[in-house]
Amino acid sequence: YLRDLWVLRITNEDPAYGAIADKPVLFLHAEVHAREVATPELAIRYIKYLTSGYDGEGGYGVDPDVTWLVDWHTVYVQVMSNPDGHVPNEQDTSVYRRKNMDSDDGCTDPYSWGVDLNRNHSFLWGCCGGSSGSPCAETYRGPLRGSEPETSAMQDFVMSVIPDQNGPNGDDEVPAAAPLTTTGYLISLHSYADEILWPWGWTSSPAPNGTALQGLARKMAAIDGNYYPSGSLYTVDGATRDWSYGKLGIPSFVFEVGPNYGACADFFPPYGCIDGIDGMPR
């Protein structure tokens, strides 16, 4: 196992638009959970939207909003965040693999190996009943905070391109509110529920920037029209959105892609659901 993780950078590299390292960053990543196979497809379509255009929309040099975004910002897209876990689902979707393929933590059932990468982040890891310490559990958080190579690589990369703007705080220390001048944005694509989530996941209490985060989520939901800005589905600790907001102070969201019912529900919807082809709804 241990397949490589790749991140694609999209920006205008002409120095006239500023140094790449100085531009505000959007980091988008997909398929943290291996069975959520619609999410990398959507990430690929977002890449097309920002470059050549997709389905008659977007396109650099065509759509003024896209052109402005690419000229003056840097977008990083991690299409596949859990490649080792993804492969078994390609071979047999009935295994419903969610975790990675870590096999040395004490679980003796090959179908239940692995760590839930959305419970393995270093911030408030295992703090609050939102993960499991049992190696065979679906929400197993791993033996240590940030123990998995997928997690540590993602955290290191994000910290290399987005500065910490809410001041130093430990991995178990809730920070003060991030300043309004904070730059950077993180979106995780998951499935499914047609909802938008934001920090916190580990508690029902609002985050220090909770009102602003909720406002951004409501605006994104209104633009799209298909998502409900719920904030949280259930308690989760060691989650991506809590780490990126809690450690760096940046707005961080989860899009739970796909409906709860109907022909396009579940983790393995018909491929036609992605583009609304073959008689499937979008």
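## Disulfides and aromatic contacts

C273 has a relative accessible area of 8%, so this cysteine is buried. The model is a predicted one. A search of the whole structure finds three disulfides. A search for aromatic pairs finds 12.

**Disulfide C264–C273**
- C273 is bonded to C264, with 2.0 Å between the sulfur atoms.
- The torsion about this S-S bond is about -85°, which means that the disulfide of C264 and C273 is left-handed.

**Disulfide C107–C136**
- The sulfur atoms of C107 and C136 lie 2.0 Å apart, forming a disulfide.
- Its S-S torsion is about 100°, so the link of C107 and C136 is right-handed.
- Both C107 and C136 are in the loop between α3 (83-91) and α4 (149-161), and the bond links distant parts of the chain, 29 residues apart.
- C107 is buried, with 7% relative accessible area.
- C136 is partly exposed, with a value of 33%.

**Disulfide C127–C128**
- C127 is joined to C128 by a disulfide, S to S 2.0 Å.
- This link is left-handed, with -105° about the S-S bond.
- C127 is partly exposed at 33% relative accessibility.
- C128 is partly exposed too, with a relative accessible area of 33%.

**Disulfide pattern**
- With bonded cysteines counted along the chain, the pattern is 1-4, 2-3, 5-6.

**Aromatic pairs**
- The whole-structure search gives 12 aromatic pairs.
- One of them is Y46 with Y49, a stacked pair at 6.1 Å centre to centre and 20° between the planes.
- Y46 and Y49 are three residues apart in helix α1 (residues 38-50), so about one helical turn separates them.
- Y46 is partly exposed at 24% relative accessibility.
- Y49 is partly exposed at 26%.
- Y227 and F255 form an edge-to-face pair, 5.2 Å centre to centre, with 75° between the planes.
- Y227 lies in the loop between α5 (210-224) and β6 (228-231), and F255 in strand β7 (residues 252-256), so their pair ties together parts 28 residues apart in sequence.
- Y227 is buried, with a relative accessible area of 17%.
- F255 is buried as well, at 12% relative accessibility.

**Ring cluster and charge over a ring**
- Y96, Y192, F267 and F268 are linked into a cluster by ring pairs.
- R141 places its charged end over the ring of W125, 5.7 Å from the ring centre.

Note on methods:
Residues are numbered from 1 along each chain as its sequence is written. This is a predicted model: local features need pLDDT of at least 70, side-chain atom pairs count only at pLDDT 80 or more; totals for chains, interfaces and linings use all residues. Side-chain values use heavy atoms; hydrogens and water are left out. Rings of Phe, Tyr and Trp (its six-membered ring) pair if their centres lie within 6.5 Å; planes under 30 degrees apart count as stacked, over 60 as edge-to-face and the rest as tilted. Helices (H or I, at least four residues) and strands (E, at least two) are DSSP runs, numbered from the N terminus. Buried means under 20% relative accessible area, exposed over 50%, partly exposed in between (1.4 Å probe, protein chains only). A charge sits over a ring if NZ of Lys or CZ of Arg is within 6 Å of the ring centre and within 35 degrees of the ring normal. A disulfide is a pair of cysteine sulfur atoms within 2.5 Å.
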